[in-house]
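Please look through the structure below with its charged side chains in mind.

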Amino acid sequence: MGLRIHFVVDPQGWCCMGLIIFVWLYNTIFIPKVILFPHYEEGNISVVAVLCYYFCSLFCIASLFRASVADPGKLPENPEIPITERGHWELCNKCNVMRPKRSHHCSRCGHCVRRMDHHCPWINNCVGEDNHWLFLQLCFYTQILSSYTLILDFCHYYYFLPLKKENWDTTTIEKMSNCCEDISRPQKPWQQTFSEVFGTHWKILWFIPFRQRQPLRVPYHFASHD
């Protein structure tokens, strides 16, 4: 049996898939640029970690497209019913098509699907008998990629050595004006910079919006140049 393409015309599903693809592209481009490649150049991680991230990312987007265009088990208008199985078929009261039991009519797609689980807007397709395995693959690789990204973020902030080329104590205006090249003051650790921004050394309080910020005293040799 050849590969059957199933395309659902649904603007809501297109928007959901567009959001998913945007997040995937952002992570596939941003995470390697900020974490993987700089730490690889400084010898903190091996090339295997970089390749594993790209393999997870590739399998994640591949399973997304496969699940979104695969036929979930759409029933034809005039299905051939084996004589021995006629007792296990019933008439759909919405599309007037004979269908096996445990089949359901999808109001979004407009047809019956064998062993339909649900209609998923994030893949813009039904999850049925023929693409349930692809949907599970998508969930699996999405979980793997998300966990891998969280682990990399944790290692970047708490385990790896600070990047030599990275300067946390830089404002957007300074970056745009390229004035940081003339700054001779020593660079701060990222923890100290964030503590000054959030007004506390307690990292857990950085995420609490129900508090007042208290300015921290900055050592003279770290003070801003004017």
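In this predicted model, the side chains of R114 and D130 meet in a salt bridge, with 2.8 Å from N to O; the term stands for a side-chain nitrogen of Lys or Arg within 4 Å of a carboxyl oxygen of Asp or Glu. R114 lies in the loop between β4 and β5, while D130 lies in the loop between β6 and α3, so the pair ties together parts of the chain that are 16 residues apart in sequence. D130 is partly exposed, with a relative accessible area of 23%, where buried means under 20% relative accessible area, exposed means over 50%, and partly exposed covers what is in between (1.4 Å probe, protein chains only). Salt bridges that share partners join R114, E129 and D130 into one network.

E129, at 37% relative accessibility, counts as partly exposed.

A search of the whole structure finds three salt bridges, and one of them brings together the side chains of E90 and R99, at 3.5 Å from N to O. Here E90 is partly exposed, with a relative accessible area of 29%, whereas R99 is buried, with a relative accessible area of 13%.

Turning to the whole chain, the protein has five helices and six strands, the helices (H or I, at least four residues) and strands (E, at least two) being DSSP runs numbered from the N terminus. Read along the sequence, these elements follow the pattern α-α-β-β-β-β-β-β-α-α-α. Of the 226 residues in the protein chain, 35% are buried. Among contacts (heavy atoms within 4.5 Å) with a separation of 6 or more, 55% are between residues 24 or more positions apart. The protein chain exposes about 15,500 Å², of which carbon and sulfur atoms supply 63%, the areas coming from the Shrake-Rupley method with a 1.4 Å probe, and for residues only the protein chains shown count as cover.

Residues are numbered from 1 along each chain as its sequence is written, and side-chain values use heavy atoms, with hydrogens and water left out. Because the model is predicted, local features need pLDDT of at least 70 and side-chain atom pairs count only at pLDDT 80 or more, while totals for chains, interfaces and linings use all residues.
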